Amino acid sequence: MSKIILYHGSQKIVEKPQFGVGKLYNDYGQGFYCTQNLELAKEWACPTLDDGFANCYELETEDLKILDLNEENFCTLNWLAILVTNRKFDLDTPIMRQGVFCLKEHFLPDLEDFDIIKGYRADDSYFSFARAFLSNQISYSQLQGAMKLGKLGEQIMLKSLKSFEKISFTGYEIAEGKKYYSLRKERFDNAKRDFEKSLENEDISGIFIRDLILQEVKPNDSRLR
């Protein structure tokens, strides 16, 4: 038996996660999004000053096929390719459109057979960092650094019906709005400040989206590790 503890931050109690329910345009598509970090779940539960809930679960992972985007055989561009496939946003310039095509063509993993996806969480504030890369404003290494700012942590998304059948509700904890809304805002503000500060140091020798397009950089390129 291989059980893990998961938390889902919400403004309501979710005793039975429902397969096939949820937004289609989340980071990894439609599914049930959780974290293994209780404090982060409480922050996610408090987008306003109202109290929220950190729903607690046990997930039996035996026989589940897990795609972990933090494993060595993946890079940040694999994560970004999934993100731009699912999230809806304006592609304002030709280079952004070409960049998205390049990412989907060379870096998009096949997610069809997986039950669970693990990887970065791209809050709307953090999605601006991805846009900055796609518009050729920051390099790949700057994007990698930006995704670690604020320590948003890793999210785990239940994708398949099989995974929903293996999750069990064990209770919940109250997320105090006054506390966790402030912590959430502080985390995002700090990350944004650090990111803007990093832009002052131009990465002259780095890989930019234009380089990915013109040089046809592939996933096995050592510069991406």
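Biologist: Why is Asp92 called exposed?

Modeller: This is a predicted model, in which local features need pLDDT of at least 70, side-chain atom pairs count only at pLDDT 80 or more, and totals for chains, interfaces and linings use all residues. Residues are numbered from 1 along each chain as its sequence is written, and side-chain values use heavy atoms, with hydrogens and water left out. Asp92 has a relative accessible area of 51%; exposed means over 50%, buried under 20% and partly exposed in between (1.4 Å probe, protein chains only), so Asp92 is exposed.

Biologist: What makes Asp92 and Arg131 a salt bridge?

Modeller: The N to O distance is 2.8 Å, and the rule asks for a side-chain nitrogen of Lys or Arg within 4 Å of a carboxyl oxygen of Asp or Glu. The pair therefore counts as a salt bridge.

Biologist: Which residue does Lys42 pair with in a salt bridge, and is Lys42 buried or exposed?

Modeller: Lys42 pairs with Glu173, their closest N and O atoms being 2.9 Å apart. Lys42 has a relative accessible area of 7% and is therefore buried, whereas Glu173, at 33%, counts as partly exposed.
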